[in-house]
Amino acid sequence: MLGDEAFRLAKEAKDIAADHIPAYNEEQVRLVTQETRYLWTRIEEMIASLNTAVADQQRGGSSQTYPGSSQPYGLPNQQKQSQSQTANTQQSAAQAEIENTNAQTALYFLTLNRNKRCLLAYHHRRAQFLRSLLWTLHLASSMIPASLSLRLSSEEQSYARDYARLNSTYRDAIENQLCPSDSLNWTADGELPPRDLFIEVRVIKDCGEIVTENGVVNLQAGTQHYLHRSDVEHLVTIGYLEHVNPS
Amino acid sequence: MDTQDSFSGALDSNLGLYDDAATSNFEARLEASDSMDVEPEVASTSVRIHATFGVEDEDVELGIDKEAHEDDEDDEEDVAEDDLSLLMRSWVNERSSPEILEYEGATIENLMELVDFQTQKMATQQAALANILRMDVDRVKYLVRSYLRTRLSKIEEHARHYIKETMYRERLSQNELEYAKGYVELEERHVRRSFLDQLPPHLRGLEDVTAEGLEMVPKPDLDAAVFCRVRATVGEFQFEPSEAPIVMRRNNIFITRYSIIRNLLEDGKVELI
């Protein structure tokens with residue numbers, strides 16, 4: 001049925017949860033764009049036939065024609081108007097035919113716009129998911145887990161890269177301006193204000209050695225350390241370390 | 001509007017508590033760092049403030065410390081404190097308002113200069129003191145970071161609209177404006193490559209307006225409900241054209257549509273919470 005494909009796409013967009021994203025449905029997107037293109041050609045055909053039908057009706061009268069299809073939104077209305085102008089002509093059968101086609105054009109038009117809207121919504125929702133994912137990964141687009149990146153389209157992957165780049169441009173500019181010799185820890189957790197200076201962490205996965213202010217620490221799996229929060233926070237968020245006894 | 005008054009009164013006490021809890025960390029820190037340098041002075045200041053405060057406004061018991069910081073006009077507080085509370089207020093305002101607000105560039109720059117100064121000082125201090133300073137610095141950085149990021153996420157939401165309207169464009173910093181432009185470009189490229197280029201040419205627009213006046217570019221919802229607290233007595237204020245004006249006294253809290261108090265917010269007469 002008309003618009004079913006777009007509806008499926010919209011439903012899929014709704015299924016996106018905070019931690020889950022379905023695979024990019026390229027096939028469905030293709031179906032919707034295909035339907036849209038088909039409907040558009042149908043509309044063009046119908047408008048052409050309408051023009052000839054009306055021209056027939058108005059033979060001898062004013063040679064009024066419709067403006068070209070450059071105004072897709074206004075078109076159905078204009079047709080109705082000019083149609084009412086000629087409504088008092090005698091050819092009622094032809095008139096009914098025109099009305100029929102008119103209604104169909106209007107319906108197709110709405111479907112077209114609805115399709116476009118669904119497509120936009122689908123991509124927008126996915127991009128939104130991608131952005132919040134990137135923030136939790138400290139904007140490192142290369143850190144997207146393989147299980148997730150399989151579900152993204154190639155466009156989305158380049159979107160993620162570009163978004164990260166856009167953000168780092170801004171970060172560099174602002175850090176240069178505000179604190180040239182320091183960093184803002186731009187991607188640190190933005191929701192909770194810092195409470196403790198030091199946190200106790202247990203190492204889940206080997207991270208190798210990290211350099212802190214007080215020297216080099218070797219983060220071997222299974223060991224436990226008491227470290228500056230800002231030194232290891234990013235490792236906690238990506239799951240290499242575990243925060244012991246968070247308050 | 002008796003009912004509304006009592007309603008706002010009730011809210012006042014509740015939210016006052018909440019607010020106190022939220023800011024107590026910062027307050028405590030402020031006092032701690034102050035008392036290290038100029039203990040006697042600060043102590044006397046705050047006593048005096050409490051006293052004047054009591055005279056001015058009898059019906060408020062909560063948030064005294066906060067008031068002491070915000071309403072002190074005697075220029076005895078140092079500059080850092082002013083900038084900090086200013087930024088904190090802008091930060092809360094920014095987080096609660098549906099549209100983007102004026103960029104507090106100068107405040108942030110001052111604060112970060114101070115952070116830089118503190119960081120240098122840290123190197124020469126004893127470990128215990130240095131840790132406290134570092135905590136201080138971390139929290140200021142958190143505030144700055146959160147403020148900037150809140151703005152970015154708001155820009156992302158309505159990037160197209162902000163770029164189009166001069167009023168909003170002027171509220172953004174140069175960097176933010178570039179970010180907004182880059183973001184719009186990025187979004188557009190993404191949808192174009194993903195599907196828009198496959199559509200018939202007439203359907204490729206992203207800023208269309210339908211015959212019914214529906215626009216594709218989303219705008220911030222200026223009629224969103226917000227909580228606001230009155231900072232300086234406004235007097236009678238017309239909330240709704242159809243209703244009698246309501247007296248807005250200091251520290252009253254109202255829940256209302258953002259568009260109604262928008263100008264008051266710009267003048268700094270109210271703050272969002």
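Predicted model: local features only at pLDDT ≥ 70, side-chain atom pairs only at ≥ 80, totals over all residues.
Me: How do you know where confidence in chain B is lowest and where it is highest?
Reply: The scale is pLDDT, the predictor's confidence in each residue, from 0 to 100. Chain B has a mean pLDDT of 72, with 69% of its residues at 70 or more. Within chain B the lowest confidence is in helix H1 (residues 2-56), with a mean of 38, and the highest is in strand S1 (residues 225-230), at 91. Over residues 1-81 of chain B the pLDDT stays under 50. For the complex, the predictor gives an ipTM of 0.72 and a pTM of 0.70.

Me: What makes a stretch a helix or a strand, and how many of them are there in chain A and in chain B?
Reply: Helices (H or I, at least four residues) and strands (E, at least two) are DSSP runs, numbered from the N terminus. By that rule chain A has 7 helices and 5 strands, in the order α-α-α-α-α-α-β-β-β-β-α-β from the N terminus on. Chain B has 9 helices and 5 strands, and its pattern along the sequence is α-α-α-α-α-α-α-α-β-β-β-β-α-β.

Me: Why are S4, S1 and S5 of chain A called an open sheet?
Reply: Two strands pair if DSSP finds at least two bridges between them. Strand S1 (residues 198-203) of chain A pairs with S4(A) over 5 bridges in the antiparallel sense, and 3 bridges join S1(A) to S5(A), again running antiparallel, so both pairs meet the requirement of at least two bridges. The 3 strands form an open sheet in the order S4-S1-S5, in which strand S4 (224-228) and strand S5 (241-243) of chain A are the edge strands, each pairing on one side only. Among the residues that face one another, A:Ile199 stands opposite A:Leu227 in S4(A), A:Val201 has A:His225 in S4(A) as its bridge partner, and A:Arg202 has A:Glu242 in S5(A).

Me: Which residues of S1(A) are on its covered face, and which are on the uncovered one?
Reply: The covered face of S1(A) holds A:Ile199, A:Val201 and A:Val203, while the uncovered face holds A:Phe198, A:Glu200 and A:Arg202. Helix H7 (residues 229-237) of chain A lies across S1, S4 and S5 of chain A.

Me: What makes two residues count as being in contact, and how many residues of chain A are in contact with chain B?
Reply: Two residues are in contact if their C-beta atoms, placed from the backbone, lie within 7 Å. On that basis 37 residues of chain A are in contact with 36 residues of chain B. H6(A) gives the most to the side of chain A that touches chain B, with 9 residues.

Me: Why is a group of residues called a nonpolar core, and which residues have the most contacts inside the largest one?
Reply: A nonpolar core is a set of buried Ala, Val, Leu, Ile, Met, Phe, Trp, Tyr and Cys residues joined through C-beta atoms within 7 Å. The largest has 23 residues, and those with the most contacts inside it are B:Leu111, B:Val144, B:Ile155 and B:Ala180. H6 of chain A is one of the elements that give two or more residues to this core, whereas its largest share, 6 residues, comes from H5(B). Not counting residues up to four places away in sequence, B:Ala180 touches B:Ile155, B:Ala159, B:Tyr162, B:Ile163 and B:Leu172.

Me: Why does B:Asn251 count as partly exposed?
Reply: A residue is buried if 20 or more other C-beta atoms lie within 10 Å of its own, exposed if 12 or fewer, and partly exposed in between. B:Asn251 has 16 C-beta neighbours inside 10 Å, and therefore counts as partly exposed. B:Asn251 is placed in the loop between strand S3 (246-248) and strand S4 (253-257) of chain B, and has a positive phi of about 75° although it is not a glycine. Most residues other than glycine have a negative phi.

Key: Residues numbered from 1 in each chain as written. Chains lettered and ligands numbered in written order. Axes fitted to C-alpha atoms, helices over the stretch in contact; angles between N-to-C directions.
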